[in-house]
Amino acid sequence: MLNVEKIREDFPILETGVIYLDSTATSLTPKQVLSEMEKYYLEYRANVGRGIYELAERATSAYEAARKRIASFINAIKGEVVMVKNTTEAINLVAHSLKWRKGDKIVTTLLEHHSNYLPWLRCAERYGVKVEAIKPTPQGMIEVDDLEKTVDDSTKLVAMTHVSNVLGSITPVEEAARIAHEHGALLLIDGAQSVPHIKVDVAKLGCDFLAFSGHKMCGPTGSGALYISREAWEELDPVFVGGGTVESVEEGRFTLLKGPARFEAGTPGIAEAIGLKRAVEYLDALNMDHVVKHERKLGERMYEGLCSMEGVEVYGPEPKYKLGITSFNVEGLDPHEVALILDASAKIAVRSGMHCAQPLIKQVLKKPKGTVRASLYIYNTKEEVEKFLSAMEELTRSALKRK
Ligand code: PLP
């Protein structure tokens, strides 16, 4: 079990009294991460992979140690980890570095965040590839049968989220890996909403790419990573080149480095990588199994509490098929109105609107104004969930009275 009271001491922002239910958008940051980053700025501030003086060597080894530790967090034993600034950058890196041939097919889903959909539409415009999107069930589940039917021998890439950022639903990624590989395709997993919450093991999942953001998992903004399997490595030609990516340059030609630095053009987010390393150490010390257990328990109470309220419509599957993200609407109120009332009446921060997932919200859920989304993380308590439910009771009562 998590010692939530102790965890909360690491997040001074909670002393403001905010009930933070928007960790899906970005998590809060613990003091430990900030002090690790401060140490870099105050004690060994230098660029990486360039100078050979002591400070530069220290910065380089801290940066490479960060890469190694982040790789071990996802058990990336059979591939490489490229440091990026977020999930969006990681996915675009794959989209524009893969060697496409006209007629190649990309299979994705309508469950996706825009960051795992728009890059593929852009590939269709630029490289003449086809994009096919599997429609989830009304509860936001992806059926293995639909994957079997859609992935074929012309498929070069299957790109799918692991966990929906709107509904919290978990997708069948291991089956997707099997199906993709049976057809000689690669599998990209958008891990933005899974890596912060559950133990993700790329060796077990068998994916070729895993993209995730540090800022959703206690790390700093501007940090993230892209795992690339050995099989996929050969299929990529870096989209950005320049300083930090080359082994040698002559007039008119260059040879790229062999390792992950070939994808990291220019000075990387050094403090950000070091901060993300501290964040994964922090999460590992809590134990990811305990993290997910805690969130699921609170999530279940939140889901059931909301389902039992008159005038509240809850979306997504039952708790056993999802993580601690709940999307809903209140009859007679716009999602933004609900978010503003919760903020003003009880200092509760929830997200409202489209959640960067318009195809899901408009085509599958058919909610043109979007939804309200409450999401949980390691620092949320039972008491906060009860306060949220009380605030919701009050809000729905007055909404129903006004009808
Ligand atoms: N994918 C999913 C599932 C997300 O939830 C998000 C952000 O909410 C992203 C991708 C994009 O993440 P970032 O803005 O860090 O690039």
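Begin with helix H4 and select its buried residues: Thr-87, Ala-90, Ile-91, Leu-93, Val-94, Ala-95, His-96 and Ser-97. The model you are viewing is predicted. H4 spans residues 87-97 and is mostly covered, with 8 of its 11 residues buried. To see what lies over the buried residues, show strand E2 (79-84), helix H5 (118-127), strand E6 (186-190), strand E7 (209-213) and strand E8 (224-229), which are among the covering elements.

Next, go to the N-terminal end of H4. Asn-86 caps the helix here, and one of its side-chain oxygens lies 3.2 Å from the backbone nitrogen of Thr-88. Keep Asn-86 selected and display the ligand: a polar side-chain atom of Asn-86 is 3.5 Å from a ligand oxygen.

Now select the surroundings of the ligand. There are 14 residues around it, and the closest are Thr-88, Asp-190, Gln-193, Ser-213 and Lys-216. Two side chains in that group are worth a distance label. For Thr-88, a side-chain N or O atom is 2.5 Å from an oxygen atom of the ligand. For Gln-193, a side-chain N or O atom is 2.6 Å from an oxygen atom of the ligand.

From Ser-213, draw a C-alpha distance to Tyr-303: the two residues are 90 apart along the chain and their C-alpha atoms are separated by 26 Å. Tyr-303 sits in helix H11 (residues 288-307). This residue counts as buried because its relative accessibility is 14%, under the 20% cut-off. Leaving aside residues up to four places away in sequence, Tyr-303 touches Val-314, Gly-316, Pro-317, Glu-318, Pro-319, Lys-322 and Thr-326.

Another stop is Thr-137, in the loop between strand E4 (130-134) and helix H6 (144-150). Thr-137 also counts as buried, since 17% relative accessibility is under 20%. With residues up to four places away in sequence again excluded, the contacts of Thr-137 are Glu-143 and Val-364.

Finish with a helix pair: select H12 (residues 335-346) and H14 (residues 382-402). Their axes are 10 Å apart and the packing angle is about 115 degrees. The crossing of H12 past H14 is right-handed. On the H12 side, show Val-338, Ile-341, Leu-342 and Ala-346; on the H14 side, show Phe-388, Ala-391, Met-392 and Leu-395. Colouring this contact by residue class gives 8 nonpolar residues, no polar ones and no charged ones.

Definitions and conventions:
Residues numbered from 1 in each chain as written. Predicted model: local features only at pLDDT ≥ 70, side-chain atom pairs only at ≥ 80, totals over all residues. Heavy atoms only, no water. Axes fitted to C-alpha atoms, helices over the stretch in contact; angles between N-to-C directions. Helix = DSSP H or I, 4+ residues; strand = E, 2+ residues; numbered from the N terminus. Left-handed = near helix turned anticlockwise from the far one by under 90°. Contact = heavy atoms within 4.5 Å. Nonpolar A, V, L, I, M, F, W, Y, C, P; charged D, E, K, R; others polar. Buried < 20%, exposed > 50% of the residue type's maximum accessible area, 1.4 Å probe, protein only. Near = heavy atom within 4 Å. Polar contact = N/O pair within 3.5 Å; in protein donor to acceptor, adjacent residues only side chain to side chain.
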